[in-house]
Amino acid sequence: MISGDPLSRVLYIDLSRRKYWVEDRRDLFEKYLGGTGVAIELLKEECPKGADPLGPENPIIFAIGPLNGVFPLASKTVAMFKSPHTGNLGESHAGGRSAIAIRMAGYGAIVIKGASDIPVYLSIYNDKVYFRDASALWGIRSSHTVGRIIREREGEAGYRTIMRIGRAGEKLVTFANVVTETYRHFGRLGLGAVFGSKKLKAIVISGKRTLKVSNAKAYREIYDEIYKMAVKTPAMRKYHDLGTPANVVPLNNLGALPTKNLTQARFERYENISGEKLAERFLGRRLACAHCPVGCIHLAALREPYEKEPYFYKTTMISYDYEPIYSLGSMLGIGNPEGMLKLMDVVEIYGLDAMSTGVILAWTTEAYLKGYISEKETMGLKFRWGDCETYLKAVRLIVEQPNDFYGALAKGVEYASSIYGGREFALAYGGNEMPGYHTGPAAHAGFLTGSRHSHLDSAGYSLDEQAYVKKEELTPEKVADYRNTYSTRYNKGGIHKKSSREIRQLT
Ligand code: SF4
């Protein structure tokens, strides 16, 4: 359908030798339908067995699929790497302008190998790759500032993406993320730390190609059909109106909102941090990824007075979704929306995965309250549920790692609890902290077996909800039949009514 499609071109970049080249990998793009299949194959080719996730031998693969840049909503790029957080497969997806920029620059995939000896950022303009010195950017606290500097320096925009890391990636926090276009993320499994280990501060990708379709009429018909489904039917409406924060109220009503490290599954102050309340009080703007008519990205405008200047206010735009609301709100007992938004902003600035950060802070609070750790480890911080100020300080300490305790937290909750105790309330699967859908056993089975540890791995939450609505007993056999994701760990009869505590023990 598309003549002269650049999709099968793979750009290889070797940071150690400062070289790049292009190979035609039609063999992969014809065999696999989407970017994920291609990326897995490239990872198999490039990542040696036993590779150190933070060593130069761990490659970073970005890949897109045939629909990116062609049809509405197809906006995601997949990143594939060996995860420094779990030591297992790292798969992470992000939108923004990343996918369209890769395709318009003329590629279907980009493979980054080796490591630089000084901080660099890469500028990819169509067929040219520039290795820019990033020494002056290394150490800048905010990933926003890094994005702004690069934007001004690089000039012309085109279909441009700027992927970058914050201080957390530089400090090799194993759940550091990569931010793209300020409000989108390769969030889970520590791609930011892999960037940091390669001294790779950022990647700019820009292209100005156009794609020519050979059958414009047929293309238009399909395009319009998808477009109409996205904007004129209720299918995507909730994502535009309230966004994923619309889930807070129903999940709380179901008893499925992880609260205070899952010591509760309902939060007494849930209304304050619900999608409805946040939209009413703070919604300042909606954004969309390139080529998406839905516009589900919600930005809160947080207005704060300057301390010594009456009637002077600073307004910060903070993107909020359901997952950061659960992890940095209910999970920490924070029902004060201003405090929760500030915490989200700091996590964003440092470039951390919000889910892992929230679960780690929740474990720390429970461990502190139960006496597993004391102020000696926390450097004087007294952790209490709902205490935003302490959590804000703790995030900085996790990134900077001034002592062994914060160094352990920077490796995740499973690692920290293996040293300080409290594994029975460390909410991680295979080393990765849990997502925010405590709907029942099918969701947890999906987290356990899915490679991305996201609620979308198997949509088990939807099976739990169906069983709840139909008042059905959810047996392991039903879960296995339905999603083929069930683990033998749960093989003893009816498990639909597992309590929060029992689920915590199973993790
Ligand atoms: S704006 Fe929202 S719905 Fe549209 S592609 Fe981006 S994340 Fe998906």
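In this predicted model, the ligand lies between domain 1 (2–212) and domain 2 (234–429), because both domains give residues to the shell around the ligand. That shell consists of L73, S75, G95, Y239, A288, C289, C292, V294, G295, C296 and I297. Sorted by class, the residues around the ligand are 8 nonpolar and 3 polar, with no charged residues.

From the ligand we can turn to a sheet and the helices that accompany it. The sheet is open and has 6 strands, which follow one another in the order β9-β8-β13-β10-β11-β12, with mixed pairing. At its edges stand β9 (128–133) and β12 (184–186), and since each of these has a single partner strand, one side of each is left without a neighbour in the sheet. On average, and with direction ignored, neighbouring strands of this sheet are turned by 20° against each other.

Strand β8 (residues 120–125) and strand β13 (residues 200–207) run parallel and are joined by 6 bridges, and S123 stands opposite V204 in β13. In general, the strands of a sheet pair through backbone hydrogen bonds, either parallel or antiparallel.

Which strands does helix α3 touch as it packs on the sheet? Helix α3 (residues 98–105) touches β8, β10 (159–164), β11 (178–180) and β13, and its direction makes about 60° with that of β13. Helix α4 (residues 143–154), for its part, lies across β8, β10, β11 and β13, and runs at about 140° to β10.

Methods
Residues numbered from 1 in each chain as written. Predicted model: local features only at pLDDT ≥ 70, side-chain atom pairs only at ≥ 80, totals over all residues. Pairing = 2+ DSSP bridges. Helix = DSSP H or I, 4+ residues; strand = E, 2+ residues; numbered from the N terminus. Axes fitted to C-alpha atoms, helices over the stretch in contact; angles between N-to-C directions. Contact = placed C-beta atoms within 7 Å. Near = placed C-beta within 6 Å. Nonpolar A, V, L, I, M, F, W, Y, C, P; charged D, E, K, R; others polar. Domains from an automatic or database assignment.
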